Amino acid sequence: LLKKHLPDLNFLSYLEADFKGEADIKLTPQLEIDNAELAFKASDAQITLSEFYDEPFLFDSINFKGNYKHQKEQLQIEELLFKKDSYSIRAGGTAVFDKQKLKLSSNVFLNDFPLSKLKNYWPEIAHPPSRSWVVKNIPSGKIDLAWLLLEFDYDLKKAGLIELKKLEGEINGSDLKLYYYGELPPITRLSMTSSFNRDGFTFHPSYGEIGSDLKINKGTVIIDGLSKPGQAKISIDASINSTLQKALEIIDHKPLFLLKNTGLKKSAMGGNAKTEFHLDFPLGKNKLSFEDFKFDIRSKLTNTSYNSFFDGVSITDGALDLTYKNNALKLKGPLSFNGGKEKIAFDFAQNFKTSNQTIFLKGIFSASLFKPFIPELLPYIKGTLAGDLSLKNLRDLSFKADLHQTTLLFPDESYIKPSRTKASLNFDATLDKDQNLKAIKNFDLSGNNLKLKGTYESFDNN
C-alpha cells in the first residue's frame, strides 16, 4: 500500500523480512496518503543494497519507528535499530525527498561493534580517503561506543551516487590494533577515545602496547588532510614506559635508524626508559626518506648499563636524559664504572645533519680508563685521577687530568711521584676506525720535578 501511494518510500523494498507492526495513516479528501505513523519490527531480517554492497546484510532483528509527511516529502526516523550477534547499530534522523535526490541527515550509534566488520558496512563510495585509511590501519578491535553525524545527498536516478555533506563523530574503542606506518611496529591492545570529521581523526590513547615490553600510558594521534589530495599527514605524541632496549628498538627501526653511525650498540645497553615521543610524517607516499620524518624525543633513562662501553670498561647505574631534536641526539647524566667505584658525568651528542659526534666524560677515573686507548701507560700510573675526556667522531681524543691523587712510577728512571703531590697530564690522540690508538700528539706529563713531552705514532700495529 505504501509503495503504491508513496513512491518516495520505494527504498523500503530494500528490507526483505516478515514485518510485524502498525501504521497510523491519514488520508486526504482524495483518499491519498497524507501522513503516516509507522512502527514495525522483524526477526531474521535481510537488507539488500545492491548499489553499494555486493552481499546483503543479515540481522537478528530490526526495529523501526517514524513518520512520513507527504506534503513535506519528509521521513522522520525516530529510531532504526539493527541487532546482530553482540553488536547493534541505532540511527535516527530525517530523510527529505527533493525531486530526484534523497537528502539524509542522521545520527548513528554503534555499540560493541567489531572493527573487522567496518569495511562491510562503510561503502567504498562514501568518502574513500577516510574509509581506506581506517580499514587498512585499524583492522581489528572493538568499538565500545560510537556516535556519528552523517549528512549526504543520494541520487535516486543514478544508483550509487552519494555526495557527502558532513561526517563527524566520536568513538570509544578497546583492544584495537593501529598501524601508523608500515615499517614501524603497530600499537596493539589499544584503548582510546577519538573524534573525527571528513578531514581526519584525533585519537587519545589511554593504554597501548608496542611489542610486549613497551607500554603507552597516554598520547594523541592526529590524522588530517585526508580530504585534500597529497596533503594528508599524521602526528603522534605518546608517553611510553619500557625497557631501554625496547625504546631503542623503536628509534633504531627502519626507516629512522637513529643509532646508525653512532657507535652505540643497543644489544649492550640495559635499563628502563620513560619516554615522551613526538613524530609526524606525510601519508600517502609509498616510500619515505629520513627527511620526511619530523620528531622529538625526551626520555628519562634509569638503571642504565652498557657492557664494554670501552674495552674492558662497563657502565652501571646510569641516570641519563636522552633527547632528540633538530637532527641531534643527546645523552647526558651521571654514570658509574667498575661496579660503582667510579662516578663520572657523561655527555654524548650526535648531529645527523653534519655527522659530527662528541663523547665527553668528566669525573674521577682509575688508571684502567687508559686500557682501551693507551695501554702502555698502565704500568706507570696507579690510583685515581680527576679529568676530562672528549672523543670526537670516534677518532679524535683529548684528555686533561689532575694527578694529585695519582702515583707515577718510572722505575727505569728511578722516579716515583707519590700521591697527594701536584701533577697533570694532557694529550691529544688519534684513533683508527676500530678505536685502536694510531697517534698521540701534544703529550704533556708534568709536576713534582717531572716533565715529559712528546708524540707517538703507530705503523702497522707496531
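Helices (H or I, at least four residues) and strands (E, at least two) are DSSP runs, numbered from the N terminus. This is a predicted model, in which local features need pLDDT of at least 70, side-chain atom pairs count only at pLDDT 80 or more, and totals for chains, interfaces and linings use all residues. Residues are numbered from 1 along each chain as its sequence is written, and side-chain values use heavy atoms, with hydrogens and water left out.

**View 1. Glutamine 357 in strand 19.** Strand 19 spans residues 356-366 and holds glutamine 357. Glutamine 357 has 3% relative accessibility, so it counts as buried. Buried means under 20% relative accessible area, exposed means over 50%, and partly exposed lies in between (1.4 Å probe, protein chains only). The side chain of glutamine 357 makes a polar contact of 2.7 Å with the side chain of glutamine 350. A polar contact is a pair of N or O atoms within 3.5 Å; within protein, one must be able to donate a hydrogen and the other to accept it, and residues adjacent in sequence count only if both atoms are side-chain atoms.

**View 2. Asparagine 67 in strand 4.** Asparagine 67 sits in strand 4, residues 57-69. Its relative accessible area is 11%, so asparagine 67 is buried. Not counting residues up to four places away in sequence, asparagine 67 touches Ala36, Glu37, Gln74, Leu75, Gln76 and Glu78. Contact means heavy atoms within 4.5 Å.

**View 3. Glutamate 209 and its partners.** Glutamate 209 belongs to strand 11, residues 200-210. With a relative accessible area of 8%, glutamate 209 is buried. Residues up to four places away in sequence aside, glutamate 209 touches Pro186, Ile187, Thr188, Arg189, Leu214 and Lys215. One of these partners also meets glutamate 209 side chain to side chain: arginine 189, in a polar contact of 3.2 Å. Lysine 177 is 32 residues from glutamate 209 in sequence, and the C-alpha to C-alpha distance is 9.4 Å.

**View 4. The buried side of helix 3.** Helix 3 covers residues 128-137, and its buried residues are Ser130, Arg131, Trp133, Val134 and Asn137. These residues lie on the same side of helix 3 because they cover an arc of only 170° around the axis. The arc is that of the directions from the helix axis to the C-beta atoms. What do the buried residues of helix 3 pack against? They pack against helix 2 (118-121), strand 9 (162-178), strand 11, strand 12 (214-224) and strand 13 (233-243).

**View 5. The largest nonpolar core.** This core has 127 residues. Trp133, Ile223, Ile234, Phe399 and Phe427 have the most contacts inside it. A nonpolar core is a set of buried Ala, Val, Leu, Ile, Met, Phe, Trp, Tyr and Cys residues joined through side-chain atoms within 4.5 Å. Leaving aside neighbours within four places in sequence, isoleucine 223 is in contact with Trp133, Asp199, Gly200, Phe201, Phe203, Lys233, Ile234 and Leu283.

**View 6. The salt bridge of aspartate 153 and lysine 103.** A salt bridge is a side-chain nitrogen of Lys or Arg within 4 Å of a carboxyl oxygen of Asp or Glu. By this rule the count is 10. Aspartate 153 and lysine 103 form one, with their closest N and O atoms 3.1 Å apart. The pair links distant parts of the chain, 50 residues apart: aspartate 153 is in strand 8 (residues 140-155) and lysine 103 is in strand 7 (residues 101-114). Aspartate 153 counts as buried at 8% relative accessibility, whereas lysine 103 is partly exposed at 31%.

**View 7. The salt bridge of aspartate 252 and lysine 266.** The closest N and O atoms of this salt bridge between aspartate 252 and lysine 266 are 2.9 Å apart. Both residues lie in the loop between helix 4 (244-251) and strand 14 (269-282), so the pair ties together parts that are 14 residues apart in sequence. Aspartate 252 counts as buried at 14% relative accessibility. Lysine 266 counts as partly exposed at 30%.

**View 8. Lysine 300 and aspartate 321.** Lysine 300 forms a salt bridge with aspartate 321, the closest N and O atoms being 3.0 Å apart. This pair, too, links distant parts of the chain: lysine 300 in strand 15 (residues 294-310) and aspartate 321 in strand 16 (residues 313-325), 21 residues apart. Aspartate 321 is partly exposed, with a relative accessible area of 35%. Beyond neighbours within four places in sequence, lysine 300 is in contact with Asn272, Ala273, Lys274, Leu320 and Asp321.
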